[in-house]
Amino acid sequence: MKPYKIVMTGSLYPQALAALEEQCEIKKWEGPGPIPREQLLDWLQDADGLVSTGNVKVDGELLAAAPQLRVIAQSSVGYDNVDIQACTAKGVPFGNTPGVLVETVADLTYALLLAAARRIHDGWEMVKSGRWTPGAAVPFGVDPYGKTLGIVGMGDIGSAVARRAQASGMNVIYHNRSRREDDQALGTRYVQFDELLAESDFIVVLVPLSASSKGMFDRDQFAKMKPSAYFINASRGSIVNTEALYEALRTGGIAYAALDVTDPEPLPVDHPLIALPNVLITPHVGSATHETRGRMSDLTAANLLAGLAGKPMPACVNS
Ligand code: DGY
């Protein structure tokens with residue numbers, strides 16, 4: 001007889017799952033698609049722990065349906081699907097996975113910037129479709145070298161992107177709610193939001209989704225950018241008004257967007273954004289490498305097991 005009962009709304013890497021299986025009876029949703037709400041609430045009736053996923057709303061209703069719940073852990077750094085106040089009010093610690101995905105998300109973010117600047121996927125399409133014939137016009141891009149990168153949300157991932165950009169010879173400015181004390185050491189310059197919009201050749205969004213960042217890129221913000229601006233979002237889709245982004249791209253308000261996140265997500269294949277020639281979209285894969293997802297899984301299992309045992313979690317948002 002195992003001491004704990006847990007519910008998992010998605011999977012973890014095998015070694016983390018094995019660590020949980022040693023101590024827990026597990027009800028695990030295998031899909032397809034997200035777990036139906038009723039199924040989840042039913043499973044939670046006698047659960048001690050929950051391993052949640054970003055596609056599940058963790059709110060007062062869910063917590064009320066889970067009278068024995070002692071801990072929630074999620075394999076992501078972002079937790080905009082979770083009502084942290086409600087968890088705290090119920091005395092339920094919530095663990096996430098900061099730190100372990102920083103370099104991986106920074107790689108993907110910078111890869112999107114480079115792929116957009118150099119039109120990598122246009123080139124590949126040309127090769128695949130047989131349009132690469134002698135003398136054919138090949139896709140031309142722009143140089144990041146010597147240009148200004150504006151980072152909105154200069155946390156750990158932002159500063160890892162800044163390092164990559166500086167290695168490419170870019171000048172890096174950033175905007176946060178407050179100026180970082182280490183910006184001299186980072187070689188970056190703090191600017192006001194509007195200044196960043198006006199000065200940047202490339203804009204990278206890494207700010208977490210919250211009530212204040214939802215929709216922060218709307219018509220007004222795109223209107224303040226250079227018509228030659230490249231817009232890269234690797235944070236959360238709803239930080240951007242998708243309609244406003246679409247219009248800015250369609251009308252030449254900005255030059256190009258490279259997105260790892262969209263609103264809605266997944267983006268339906270017939271969405272007008274996808275038909276534009278100046279967009280590159282990846283399916284929310286910022287942290288999707290085997291090594292990093294393994295580390296995120298391990299940290300999620302460690303958070304859950306610590307919470308179940310009533311011990312401090314390695315990474316707790318509301319301790
Ligand atoms: C995160 O960890 O928040 C990434 O977006 C992956 O979900």
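This is a predicted model: local features need pLDDT of at least 70, side-chain atom pairs count only at pLDDT 80 or more; totals for chains, interfaces and linings use all residues.
Me: Which part of the chain does the UniProt annotation cover?

Reply: According to the unreviewed UniProt entry, the annotation "domain: D-isomer specific 2-hydroxyacid dehydrogenase catalytic" covers residues 6-318. Over residues 6-318, the chain is 36% helix and 14% strand, and the end C-alpha atoms are 20 Å apart.

Me: What are the partners of strand 4?

Reply: Strand 3 (residues 49-52) is joined to strand 4 by 4 bridges, and the two run parallel. Here Leu50 stands opposite Ile72. Strand 4 also pairs in the parallel sense with strand 5 (residues 94-95), over 2 bridges, where Ile72 stands opposite Phe94. Together with helix 4 (residues 84-89), strand 4 and strand 5 make a right-handed β-α-β unit.

Me: In what order do the strands of the 7-stranded open sheet lie?

Reply: The order is 8-7-6-9-10-11-12, with parallel pairing. Strand 8 (189-190) and strand 12 (279-281) are the edge strands, each pairing on one side only. Within this sheet, 4 bridges join strand 10 (residues 230-233) to strand 11 (residues 256-259), and Ile232 has Ala258 as its bridge partner.

Me: Which residues surround the ligand?

Reply: The ligand is surrounded by Gly54, Ser76, Val77, Gly78, Leu101, Gly286 and Ser287. This shell divides into 2 nonpolar, 5 polar and no charged residues.

Methods:
Residues are numbered from 1 along each chain as its sequence is written. A residue is near a molecule or strand if its C-beta atom, placed from the backbone, lies within 6 Å of it. Ala, Val, Leu, Ile, Met, Phe, Trp, Tyr, Cys and Pro count as nonpolar, Asp, Glu, Lys and Arg as charged, and the others, Gly among them, as polar. Two strands pair if DSSP finds at least two bridges between them. UniProt positions are given in the numbering used here, feature names are shortened, and annotations may be inferred rather than shown by experiment. A crossover is right-handed if, with the strands pointing away from the viewer, the path from the first strand over the helix to the second runs clockwise.
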